[in-house]
Every structure is written in structure tokens, then in C-alpha cells.
Amino acid sequence: MTVRSVWWAAAIPGAEAPFDTAHLRVFYPSKPTGSDAERLSGVFPADPARAPYPVVIIVSGVNVGQEAYRWLAVELASRGHVAVTYDWVGELFGGLKGITPGVELAAAKPDAYGTRATTPSVPVVIDALRTITGPVEGLLDLDNVALIGHSAGGTVILQSARFFPEVKAVAAYGTHTMVATMLGWPAGTVLPAQVDCPVLLMNGENDGVINGSADRYGEDAATRRDPISRTFDEALPNADGANVQVTFAGANHFGIVHPVDDTAARAFLDLDATTDPAATRAAFVDVTAAFLDTHLRGADSDALHQALKNPYIAGMRRR
């Protein structure tokens, strides 16, 4: 299958110019015809065979550009999804600007949490896709959407997904719902996930970034538990096995990023990967694609069962 991409944009309500636009890249299965129009424009028609296509939106970590997830978007599109990445340079913390998944801190405080989404970008991206023109116009199933989040992008989708009725599955890597005491929560608080669909929660054994941030949560370093496992145990409901936690052997926080940009974000905190990162990415995409097929397409769960037997998976739990 030939994968191609087109670009689109979305305005972020309430953000001040020039920091008020997200730039989207939409990856899709195409069916080249060899026409003059393709040769002159570089735009290939989408393959209509499996349309309408479920849509997978990849929500980045802070200061991790969308190019870092291009490999994943291409893999998912090659397996019959339309995958969307985006960059929004907006407000971070302390007045800084940078690539952000959109984090509304006020919505994560005790008096507001659970009443609204903590990210303004995801619904804007979904709405923008409803207006897209070009080769994927009319071929997107925007009532059948999955969110994949990395790091802070995973946190905001775990805190927000139920507010977007289009979302039918959530996958998140290197993330959790523990919350900083600076927002007014007691030490060690794990916020309940705001998700009413199946969740695939993933992590690497060698995540140095989450370790390096743990003092935010006010716990004693000698007794604190892994926040990702706590999120699976305490933030997610029992879903008769539909919720899955997967730990990848020897992988680190940036295990799903390729290439890793050492000039930005917090890769300097990460531990070394002790498994070939290419093997981690291959296992990650097999598990994630099978999970999405199960919950977006209603596919038989056998493919997911097989993917979860990958030798690069160090641990797996379901609930």
C-alpha cells in the first residue's frame, strides 16, 4: 500500500495570534493512477476500497515535533487507518512557548477536574478534519476516532477523552494521571481517567523522564510506586479485559519517538534503551494497530492476542 500525506490547519479558539494555529499532517492509504494531475501536483487520490477510514490522532509530548511520530503515522496508514499528526506552538508553563498538546492547568485543579477537557487542541483537530478538502474529503469516519498520546499528550487524552463522543479508543505511552501538588492536590494523588472507551496504557522499563519528574507529586522517594502502574490500577475502571497495560522490555520514555531530537524536550533525563529501539517500535505498532482494529473496526481480537505475545513485551495486564 502506498501511503501519502496532505496538510491542513486548525485555529485554536482563545489563543492569541500568532500562537493560535495548529498545523496538521494527514497520512492516508492512496491508490496512484499515474495521471498527469499526480505528476504535476504530487497529490495522489486516496484508496476508496476501505473507506470510510477510522481516524487516529497522534497527540505529541511537550516540545516533540510531529515529525517524530511520522514513522507511526505511516505504519498506521499502511494498515488501513487515516493517521493525523499536528504541531501547535502555544503556551507552555511559566510564560514559555513551545510545541504543546494543549494543557489547560485550570481544568486539572480540584474545583474543575472532571467537568471539562484539559486539552483544547483535540476537539479543534477533529472539527478541522470535518472541513478538509482534497484526496481524503468524504472518506473519513469522524464518528470513529482513536487518540494516541505520548508523555504529556497521553496525560491530556486520559484526562479528556470522554468529553469527545467521537473517540472510541485511547492508546497512551509513557504517561499517567498523577497530578502535581502545585495544582492543589494532596501528595500522591492519581486522578481518575476521564475515559469511557477501552484504553491501551504502555510504557518502557527504562523510563527516565517519568522518574525525573516524580518529585512533583509530593511522595516519599523511598516508598513511591510506579505512576503508570498506579494509573492502570487506580485511574482506569475494570472493563472486562478491554483495558490493557503493556510494558516494553528495555525501552525508555522516547521509545516511540524516531528520530529523537536531543536539542529539545527532556530526552536528557531519559535512561538508555537496552533493547533495539527499532524492535520496540515494531512491537509497539503491532500491538497498537491490533488494539485499534479491535475497537474501531470490530475486528476479531485474535490479532491483538498474538501481538501481545511479542518477545519484546516484558509484562502485560488486563482489566
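Thr-85 is found in strand E4, which covers residues 82–91 of this predicted model. The residue has a relative accessible area of 2%, and because the cut-off for burial is under 20%, Thr-85 counts as buried. Its surroundings can be listed. Leaving aside neighbours within four places in sequence, Thr-85 is in contact with His-23, Leu-24, Arg-25, Phe-27, Ile-58, Gln-66, Tyr-69 and Ala-73. Val-124 is 39 residues from Thr-85 in sequence, and the two C-alpha atoms are 13 Å apart in space.

Not counting residues up to four places away in sequence, Val-84 touches Leu-24, Arg-25, Val-26, Val-55, Val-56, Ile-57, Ile-58, Val-125 and Leu-129. Val-84 also belongs to the largest nonpolar core, which has 52 residues. Within this core, the residues that touch the most other members are Leu-24, Ile-57, Val-84, Leu-129, Leu-147 and Val-170. Helix H3, residues 121–129, supplies the largest share of the core, with six residues. Another core of 41 residues lies apart from this one, and its members include Ala-68, Val-244, Ile-256 and Ala-283.

A record annotation can be set beside this. UniProt, in an unreviewed entry, places the feature "domain: Dienelactone hydrolase" at residues 46–214. In the model this span is 18% helix and 27% strand, and its end C-alpha atoms lie 45 Å apart.

Leu-105 lies in the loop between strand E5 (97–99) and H3. With a relative accessible area of 31%, Leu-105 is partly exposed.

Several loops hold backbone features worth checking. Most residues other than glycine have a negative phi, and most peptide bonds are trans. Against that background, the peptide bond from Ala-17 to Pro-18 is cis, with omega near 5 degrees. Pro-18 lies in the loop between strand E1 (2–11) and strand E2 (21–30). A cis peptide bond also joins Ala-51 and Pro-52, where omega is about 0 degrees. Pro-52 is found in the loop between helix H1 (36–41) and strand E3 (53–59).

Positive phi values are found at Asn-63 and at Asp-240. For Asn-63, phi is near 60 degrees, and the residue sits in the loop between E3 and helix H2 (70–78). For Asp-240, phi is near 55 degrees, and the residue sits in the loop between helix H6 (227–235) and strand E9 (244–252). Asn-63 is partly exposed at 28% relative accessibility, whereas Asp-240 is exposed at 80%.

Seven of its nine residues are buried, so H6 is largely enclosed by the rest of the structure. The buried residues of H6 are Pro-227, Ile-228, Ser-229, Arg-230, Thr-231, Phe-232 and Ala-235. Their cover includes strand E8 (199–206), helix H5 (208–213), E9 and strand E10 (313–318).

How values were computed. Residues are numbered from 1 along each chain as its sequence is written. This is a predicted model: local features need pLDDT of at least 70, side-chain atom pairs count only at pLDDT 80 or more; totals for chains, interfaces and linings use all residues. Side-chain values use heavy atoms; hydrogens and water are left out. A nonpolar core is a set of buried Ala, Val, Leu, Ile, Met, Phe, Trp, Tyr and Cys residues joined through side-chain atoms within 4.5 Å. Buried means under 20% relative accessible area, exposed over 50%, partly exposed in between (1.4 Å probe, protein chains only). Helices (H or I, at least four residues) and strands (E, at least two) are DSSP runs, numbered from the N terminus. Contact means heavy atoms within 4.5 Å. UniProt positions are given in the numbering used here, feature names are shortened, and annotations may be inferred rather than shown by experiment.
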